[in-house]
Amino acid sequence: MFAKFKRYLIFAGFLFIFVLAGHGQNILPTPYRVEKSGGYFLFSDELFIGFTEREQEVAEYLRQRLEQYVKISGSSTTDNVIRLQLTDLPAQFGEEGYQLLVNKKMIEIKANNVSGLFYGVQSFLQLLPEKVQAGKEYALSGYQIPAIEVHDYPKYAWRSFMLDSGRQYQTPEFIKRYLDYMAMLKMNVFHWHLTEGQGWRIEIKKYPKLTDVGSKVATGKEQQGFYTQEEIKDIVEYARKLHITVVPEMDVPGHSEAALTAYPELSCFGEAPASVMSFSDVLFCGGREETYTFLENVLDEVCELFPSSYIHLGGDEAPKGKWNQCLHCQGKIKQEGLKDSHELQMYFSTRLANYLQTKEKKVIFWGDVIYQDNIKLPDNVIVHWWNWRGHKDLALKNAIRNRHQVIANTNYYTYLNFPVSPWSKYSADRTFDMRTVYENNPSDMVEPDPLVLGMGCALWTDWYVCEHMVDRRVFPRIFALAEQMWSRGERLPFDEFYRIVKEKYPVLREKGVDIGPGLKEEMEDDFSWD
Ligand SMILES: [Zn+2]
């Protein structure tokens, strides 16, 4: 009887610890090292944020997140102190690593660089009540944070989320909401797919028809729209404060039906594309000089708008039917001593990359540019590995062999538009669940080549993935991808990881996220991806 009772006590004790440790106190992505010690930091009515001029912007961000919950005092006479400090941490912490120390007396966040401080703040915020994390009303005074010491730094320098605003237009408010989620997930690159067959979404002053015509070529209700240069500057600045770089993508020479509907004279046969709904062989003509002048002028404005040192120029899925027939293209092939239309795309890509080199920019191309043998691309080219489904790791291998940096963003399993169960044109072989991406993602490499710059994930908007459908595709599976981009430590077993992800659901719900299923068995009978 007694033994049974003792077992019960031990079990109850376990439960208690489990609940305490489990109640929103786990940080995601999982930090490199977390040590929990005894004691608590207790919030009172006042809080002092300690910083110098160098830490000011992060301190201001923190103040904005906390000021509705606690009086931010002007002096440190109080015990309640959060100190932000740029200092010299060991080299492995780099520019984005941080140390977070919570004890009875104070909270300290240290880093080598402001980005590290910012990520320390993001981790600290995850220790707060759900309502505070979501900006909802809450009485914080009297709330306790268990003492903790966190040492953390990312696996990759590049951690991107791509949004396809070409096929469907999203509002600037929606985009800012996603930038906030990215900051929470410690992602630092917003890869913005701004041009597609179905829509050109970026205002270019020199060529007004790109948006006057090109933003309205498709028929869906969320396919009419573009971003003014003022809106773009506002989004870029919003992202900057969240330590996110906005990398714009102008996808050329293919996926350009919207632009070529506006300016058909830049296609091989001066014709507007018959359809914009799928990629076609109506490309920017690679033989006409006017194409290069046009695109360089576009890039001049793009580079003014985006301070990023990277510009993405697409280059995927460009069938050469028209180029093979076009007198201008064939003339250029002859004139430049090229072998065929594939080499003409190399010429086209190289020329644009060299142009961007004069502006000290690096250029990203989808892996399609490097499938052939004997590829020579300029040194400032980075390869974006995507087509695992069609070519397995060919682009990765060829990029490394040719000494180009690589971003791993394979269509199995980093494309979050692929749902957990079939929907619309996404058949069963284009679905995946959270366990699959966590355990079998080809982009998640244990010992990546040093040329692997990082990892990306993507939300394409094919087949009318409209704004209201995005959340349930992205969440919760994006947590697995954020974990693979950031976390350096030993990987948790999936069930344990998923338990922690589910702890985050109340925060997400408070933020208004429409969370979808992570696994098929969670889907209720009436669940819809629409
Ligand atoms: Zn041509």
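One aromatic cluster is formed by Trp-366, Tyr-412, Tyr-413, Tyr-415, Phe-418, Trp-423, Tyr-426, Phe-432 and Trp-460. The model is predicted, and local features therefore require pLDDT of at least 70 and side-chain atom pairs count only at pLDDT 80 or more, whereas totals for chains, interfaces and linings use all residues. Residues are numbered from 1 along each chain as its sequence is written, and side-chain values use heavy atoms, with hydrogens and water left out.

Rings of Phe, Tyr and Trp (for Trp, its six-membered ring) were paired if their centres lie within 6.5 Å, with planes under 30 degrees apart counted as stacked, over 60 as edge-to-face and the rest as tilted; by this rule the count comes to 37 aromatic pairs. In the pair of Tyr-61 and Phe-118, the ring centres are 4.9 Å apart and the planes stand at 55°, so the pair is tilted. Because Tyr-61 lies in helix H2 (residues 56–66) and Phe-118 in helix H3 (residues 114–125), this pair ties together parts that are 57 residues apart in sequence; helices (H or I, at least four residues) and strands (E, at least two) are DSSP runs, numbered from the N terminus. Tyr-61 is buried, with a relative accessible area of 13%, and Phe-118 is likewise buried, at 0%, where buried means under 20% relative accessible area, exposed over 50% and partly exposed in between (1.4 Å probe, protein chains only).

The rings of Trp-158 and Tyr-310 have centres 5.2 Å apart and planes at 85°, so this pair is edge-to-face. Distant parts of the chain are linked by the pair, with Trp-158 in strand E8 (residues 158–164) and Tyr-310 in strand E13 (residues 310–312), 152 residues apart.
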